[in-house]
Amino acid sequence: MSKFYFGQDGELISEEIQKSIKLSYKDFRKNKKSNGILFDFVGILIQEDKQLIVFPKHMYSEEQLLDCQNNPDVGIQRFRLVMDVIQKYILVEQSKATADDYAGILDELIDSSFPFEAFYGVYGYFQKYGIFTEKRRQITENGSGKYHWKTIIEKSQPYMNSSGIVFSPLYKERVMNDYSFISEAMAYVINETIERFYYLLPYDKVEGVNYSASEFDDHQYVLHRLSSILSRTFKDIDVSLIKDLIVFFEDESKKYSPKDQHLKIHYFNNIWQEMINNYLNRHFEKIDQMKPVFSKDVISRRIPYFKNKSLVIDDSNNHWSINMDHYHQDQEFQLIFDSKYYDDEDELNYKQISYHEVMTKKVRNTDVVTISALVFPGSNRMDVHYKTANSILVREINGDLKVITDEVFIYSIWIDVQEVMKDYLLSN
């Protein structure tokens, strides 16, 4: 019977957890104010008969975390939402990758003792296309199989003998059994992983495909065969599938202990940024009286309203540039929204002020108004993060006091983490 512990990214690690669970130096950071140590990852650690589950920042209240501690089944059920988000993020990132940089694109994001990234790629293919069924036919000269008369007529030289017209050489077609091996490999990867992590992955298994688990225990044989099939595969979606299978069996062939497992996300801010971009594009409605307004309902748009934008702002040899997480400009407003997962909302965000100042100059002498916002995980609310003091805006010019219209106004927006996650999973 496992002992479960629950925590939350960015929150203090209890002494009991520190004594019970061995954490690597990447899993925590020191808190300057309290001199305690905080969780610095999202994920799950299994060590012998103890399991630690760490949720994203501000996902649950102290009372809800205590409820998880008292009722581990509740905590596991809640963490499945995080696993679903991780799965979708991996598949989205894989779809963005080119063939050359496909393998291992999330190595820095995910620290895992098990090839979850490859599993999610295989399962994503299964969800979208079903089991691999494409048969591969090979036509060879004087080979085995059935005569392929179309090729014989096109390529062979006919001549007469006592039996009549004879063609030489003869071409034959045989169906390669690549497709059945790939299908069985998919079934093995999906079914064995779900079986092993049943409490975290409540997904449907593959049915109707028979495979021998012992055959796939011979990793060198499996990898050799997959590599051979990959060399004969050209469709992008099939190439991606086979590469995922190769990564899975390469990783699984490494020393693996079921008593010491982990799946840790050390840069959940990347996932937070992706989810917030999705949320803004689906729920940002308008600017009303200089304030951002959000709709509870999904707003249908032909093209994304917010996009990531990079801009070179420097003509020196350095060519410094800025990168804005969520940017929009039209004839009325220029919006600069920035996702903030790790940053402390209690500290002045100098970067956002400088971005606002620079981008305001870009629309100077126009009617476009610039509005900035920082988007944090938390309970739904909005506040003013920064407003330029009047004492700075007022200037004395020729003995008269005048207000200079270069005020910077930045909002802090907190959006419920579960709401953002669920909306991300519902989006295309």
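**Figure 1. Overview of the predicted model.** Of the 428 residues in the chain, 45% are buried. The chain of this predicted model contains 13 helices and 22 strands. Among contacts with a separation of 6 or more, 69% are between residues 24 or more positions apart.

**Figure 2. Close-up of the largest nonpolar core.** This core comprises 86 residues, of which Phe-55, Phe-119 and Phe-249 touch the most other members. Helix α3, spanning residues 72-96, supplies the largest share of the core, with 10 residues. Another core, of 11 residues, lies apart from the largest one; Tyr-5, Ile-13, Phe-39 and Leu-45 are among its members.

**Figure 3. Surroundings of Phe-249.** Leaving aside residues up to four places away in sequence, Phe-249 is in contact with Ala-185, Tyr-188 and Val-189, with Phe-216 and His-219, and with Val-222, Leu-223 and Leu-226.

**Figure 4. Packing of helix α10 against helix α13.** Helix α10 covers residues 268-283 and helix α13 covers residues 417-426; their axes lie 9 Å apart and form an angle of about 75°. The two helices are therefore roughly perpendicular to each other. On the α10 side, the contact involves Phe-268, Trp-272, Glu-274, Met-275, Ile-276, Asn-278, Tyr-279, Arg-282 and His-283. These residues meet Val-417, Glu-419, Val-420, Met-421, Asp-423, Tyr-424 and Leu-426 of α13. Sorted by class, the contact of α10 with α13 has 10 nonpolar, 2 polar and 4 charged residues.

**Figure 5. Phe-294 in strand β14.** Strand β14 spans residues 291-294 and includes Phe-294. Beyond residues up to four places away in sequence, Phe-294 touches Tyr-279, Leu-280, His-283, Phe-284, Glu-285, Met-382 and Ile-413. Tyr-279 and His-283 also belong to the α10 residues that meet α13. The C-alpha atoms of Phe-294 and Arg-282 are separated by 9.2 Å, and the two residues are 12 residues apart along the chain.

**Figure 6. His-385 and its polar contact with Ser-412.** His-385 is part of strand β19, which runs over residues 381-387. With a relative accessible area of 15%, His-385 falls under the 20% limit and is therefore buried. The side chain of His-385 is joined to that of Ser-412 by a polar contact of 3.4 Å.

Terms used. Residues numbered from 1 in each chain as written. Predicted model: local features only at pLDDT ≥ 70, side-chain atom pairs only at ≥ 80, totals over all residues. Heavy atoms only, no water. Axes fitted to C-alpha atoms, helices over the stretch in contact; angles between N-to-C directions. Helix = DSSP H or I, 4+ residues; strand = E, 2+ residues; numbered from the N terminus. Parallel < 35°, antiparallel > 145°, perpendicular 65-115°, else oblique. Contact = heavy atoms within 4.5 Å. Nonpolar A, V, L, I, M, F, W, Y, C, P; charged D, E, K, R; others polar. Buried < 20%, exposed > 50% of the residue type's maximum accessible area, 1.4 Å probe, protein only. Polar contact = N/O pair within 3.5 Å; in protein donor to acceptor, adjacent residues only side chain to side chain. Core = buried A, V, L, I, M, F, W, Y, C linked by side-chain atoms within 4.5 Å.
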